[in-house]
Amino acid sequence: MNIQLPQGKQSWPECVGKTAEEAKQIILGDNAHLDVQLLPEDSIVTMDYRMDRVRVFHDENGIVKQAPNVA
């Protein structure tokens, strides 16, 4: 069995405190091939792991409260 590990950056702690849209631009600036999803805090999401997906959770004001990471 050949397991492929994700390449490049895995987490973006520098996005905490920024707007979700700003965070998306930072993440895409690092890797334009990622699927960046902007989601309200406490959103229900699937538990599958995808190396090309980054979920950005934001509060009611659109501010990122936790570091986005590959999910």
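Reader: Is Lys65 buried, partly exposed or exposed?
Author: Lys65 is partly exposed, at 49% relative accessible area. Keep in mind that this is a predicted model.
Reader: Which residue forms a salt bridge with Lys65?
Author: Asp59 does. The closest N and O atoms are 3.5 Å apart.
Reader: And Asp59, buried or exposed?
Author: Buried, with a relative accessible area of 8%. The cut-off for buried is under 20%, so Asp59 falls in that class.
Reader: How many salt bridges in the whole structure?
Author: A search of the whole structure gives 6.
Reader: Switching to Arg53. What does its side chain meet in a salt bridge?
Author: The side chain of Asp48, at 3.4 Å from N to O.
Reader: Why does Arg53 count as buried?
Author: Because its relative accessibility is 3%, and buried means under 20%.
Reader: What about Asp48, then?
Author: Asp48 counts as partly exposed, at 38% relative accessibility.
Reader: OK, Asp52 next. Which residue does it form a salt bridge with?
Author: Arg50. The closest N and O atoms of Asp52 and Arg50 are 3.0 Å apart.
Reader: What are the accessibility values for those two?
Author: Asp52 is at 34%, which counts as partly exposed. Arg50 is partly exposed too, with a relative accessible area of 28%.
Reader: Why do such side chains pair at all?
Author: Opposite charges can pair when the charged atoms come close.

Definitions and conventions:
Residues are numbered from 1 along each chain as its sequence is written. This is a predicted model: local features need pLDDT of at least 70, side-chain atom pairs count only at pLDDT 80 or more; totals for chains, interfaces and linings use all residues. Side-chain values use heavy atoms; hydrogens and water are left out. A salt bridge is a side-chain nitrogen of Lys or Arg within 4 Å of a carboxyl oxygen of Asp or Glu. Buried means under 20% relative accessible area, exposed over 50%, partly exposed in between (1.4 Å probe, protein chains only).
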